[in-house]
Amino acid sequence: MAFQILLNFFIAVVWMFMTSSLTPSTFIVGYIIGLLLIIMTRRFFKGHLYVWRLWAAIKLTVIFLKELVLSNISVLMLVIKPKLSIQPMIFALPTELEQDWEITLLSSLITLTPGTIVIYVSDDQRTLYIHAIDVNDVDEAIDSIKNTFEKAIMEVSRG
Amino acid sequence: MKTNDVILQTTTKVVFFIIFLFSIHIFFAGHYTPGGGFVGGLLTTGAIVLLLLAFDLKTVQLALPFNFTVVTAIGLLLALGTAAGAIVFDVPFFTHAFDYFELPLFGKTSLHTAMLFDSGVYLVVVGSAITIIQSIGGDD
């Protein structure tokens, strides 16, 4: 992936020298041309195009914003409800993510969405312990995190 | 008890550079806008202290292999040298000089000897603060 970005950058710089105008707009034009060339010759590269991972990162951001709004509303409902009928609990979330930054990103996303907080990462980094305000079904809560955030992060990191 | 600090450490690896960059910006901003050697030095110290909090003393010493007492001494020498340099040109002690230069990449820039004095202050602040923290923290 890093090689593809470097190649694209290189093509853009070569384009700047060919047209002998060293301006940002020429660079952007060269970058787009390089991107088209790389998409054309995608069978030469091992692994997926880096554009897909960029797309996955954008998708992750959108998912995060959506979850942020939805869970903020649900916490607001909890606060303004006259009767306190919540079911707080701490549950363990087994995770398939391996790298440090993936774990950190997942924990930050879980913590930033209201209603859930990561309180501990197990020593072997295979389990996250999460505190949630209102959970009726543990499996459902685990599934919802796994299907949204973990899947999206895995798409970014594995392409 | 050894806990798993993966979130703190990964975040520190990113945030350290942002704080360090901001400290350099504050240091250079000192002439026309708020900032300068002292605040810049303290911010750099803050970045290193964050490293010390996330990792341990030995790791940070491996990563930044400076003797911070020597850093303080270099800073003092730089400040004294800038102040004393004025005597050579037959003007009173601590007289600063400046001029405009055409630098590549920067364009027209005014270079001021107060900058050198400020770097001295910066080095003294970083060196002394880190020395204090390291000698309090390192009991072994």
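How much area do chain A and chain B bury between them, and what percentage of it is on carbon and sulfur atoms?

1. In this predicted model, chain A and chain B bury about 670 Å² between them, and 61% of that area is on carbon and sulfur atoms. The contact draws 11 residues from chain A and 8 residues from chain B.

2. As for polar interactions across the interface of chain A and chain B, the rule finds 0 salt bridges, whereas 2 residue pairs are found in polar contact, both at pLDDT 80 or more.

3. On the side of chain A that touches chain B, α4 (100-112) and β2 (116-121) of chain A each supply at least two residues. The largest share of that side comes from α4(A), which gives 5 residues. Sorted by class, the side of chain A that touches chain B has 5 nonpolar, 4 polar and 2 charged residues.

4. Turning to the aromatic residues, the structure holds 12 aromatic pairs over all chains. One of them joins A:Phe9 and A:Phe27, whose ring centres are 5.3 Å apart and whose planes stand at 65 degrees; because planes over 60 degrees apart count as edge-to-face, the pair is assigned to that class.

5. Where in chain A do A:Phe9 and A:Phe27 lie? A:Phe9 belongs to helix α1 (residues 2-18) and A:Phe27 to helix α2 (residues 24-40), so their pairing ties together parts of chain A that are 18 residues apart in sequence.

6. A:Phe27 also pairs with A:Tyr31, with ring centres 6.1 Å apart and planes at 40 degrees, and this pair is therefore tilted. The class follows because planes under 30 degrees apart count as stacked, those over 60 as edge-to-face and the rest as tilted. A:Phe27 and A:Tyr31 are 4 residues apart in helix α2 of chain A, so about one helical turn separates them.

7. Taken together, the ring pairs link A:Phe9, A:Phe27 and A:Tyr31 into a cluster.

Methods:
Residues numbered from 1 in each chain as written. Chains lettered and ligands numbered in written order. Predicted model: local features only at pLDDT ≥ 70, side-chain atom pairs only at ≥ 80, totals over all residues. Heavy atoms only, no water. Contact = heavy atoms within 4.5 Å. Buried area = accessible area lost by both parts, 1.4 Å probe. Salt bridge = Lys/Arg side-chain N within 4 Å of Asp/Glu carboxyl O. Polar contact = N/O pair within 3.5 Å; in protein donor to acceptor, adjacent residues only side chain to side chain. Nonpolar A, V, L, I, M, F, W, Y, C, P; charged D, E, K, R; others polar. Phe/Tyr/Trp six-rings, centres within 6.5 Å; stacked < 30°, edge-to-face > 60°.
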